[in-house]
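Open the model in your viewer and keep the selection tool at hand. The tour goes stop by stop.

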Amino acid sequence: MTLKLCQGPKCHQYCTKDRLKGPAGSKTYQTRRKSRLYYGDNFCSMNCMNDWLDKFVDRAINHFGRTTEPKHLTEENAWSKEYDWRDDETRYVYVNGITNERRPLTEEQFRDSNYTLNIGE
Ligand SMILES: [Zn+2]
């Protein structure tokens with residue numbers, strides 16, 4: 001099992017007992033290492049995630065593309081996946097938020113994050 005390091009830039013500055021590691025006499029507060037990081041899959045806590053956002057969010061948005069114009073929800077991009085259980089059975093559907101049209105989905109299509117009916121964002 002590989003341990004992942006928390007990506008919080010100040011993780012080691014939070015002086016909690018579980019961060020104090022190393023041989024007796026030369027222990028230091030260290031970045032948390034865990035098999036599973038529950039905050040954004042990369043951070044040990046909401047604090048560490050917010051520290052990263054405070055420091056890097058502008059650079060990240062500029063890198064991946066800043067929204068400079070409002071986006072518009074239209075018939076072409078208003079599809080969202082939904083499911084409901086009824087009679088001990090799960091039904092998956094694509095629902096259009098503009099037209100309310102419903103189209104059946106297979107469970108595989110529902111779980112496939114690349115599968116979409118939307119054109120554009
Ligand atoms: Zn952390």
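Which residues does Leu37 touch, not counting residues up to four places away in sequence? Keep in mind that this is a predicted model. Select Leu37 and show its contacts: Lys4, Leu5, Cys6, Asn42, Phe43 and Cys44.

**Stop one: Leu37**

Stay on Leu37. Its place is in the loop between β4 (33-34) and α1. Is Leu37 buried or exposed? Leu37 has a relative accessible area of 2%. Buried means under 20%, so Leu37 counts as buried. Leu37 and Lys4 are 33 residues apart along the chain. Their C-alpha atoms are separated by 7.4 Å.

**Stop two: the zinc ion**

Select the zinc ion. Which protein atoms are its donors? They are the SG atoms of Cys6, Cys11, Cys44 and Cys48. These donors lie 2.3 to 2.4 Å from the zinc ion. Check the geometry next. The angles among the 4 donor atoms run from 107 to 114 degrees, and the site is tetrahedral. Then trace the donors along the chain: their spacing is C-x4-C-x32-C-x3-C. Within this set, pick out Cys11 and Cys48, a pair that links distant parts of the chain. Cys11 sits in the loop between β1 (4-5) and β2 (20-21). Cys48 belongs to helix α1, residues 46-64. Colour by accessibility if you can. Cys11 is buried, at a relative accessible area of 0%. Cys48 is buried too, with a relative accessible area of 0%.

**Stop three: a surface patch**

Select Tyr38, Tyr39 and Met46. What do these residues make? Together they form a nonpolar surface patch of about 350 Å². Zoom in on Tyr39. Tyr39 lies in the loop between β4 and α1. Its relative accessible area is 33%, and Tyr39 is partly exposed.

**Stop four: Ser26**

Move on to Ser26. Where does Ser26 lie? Look in the loop between β2 and β3 (28-29). Ser26 is partly exposed, with a relative accessible area of 43%. Ser26 and Ile61 are 35 residues apart along the chain. Their C-alpha atoms are separated by 40 Å.

Key:
Residues numbered from 1 in each chain as written. Predicted model: local features only at pLDDT ≥ 70, side-chain atom pairs only at ≥ 80, totals over all residues. Heavy atoms only, no water. Donors = N, O, S within 2.8 Å, 3.2 Å for Na, K, Ca; no water. Tetrahedral: all angles 85-135°; square planar, octahedral: opposite > 155°, others 65-115°. Helix = DSSP H or I, 4+ residues; strand = E, 2+ residues; numbered from the N terminus. Buried < 20%, exposed > 50% of the residue type's maximum accessible area, 1.4 Å probe, protein only. Contact = heavy atoms within 4.5 Å. Patch = residues over 30% accessible without salt bridge, like charges linked within 9 Å, V, L, I, M, F, W, Y side chains within 5 Å. Areas by Shrake-Rupley, 256 points an atom, 1.4 Å probe, with all protein chains shown as cover. Salt bridge = Lys/Arg side-chain N within 4 Å of Asp/Glu carboxyl O.
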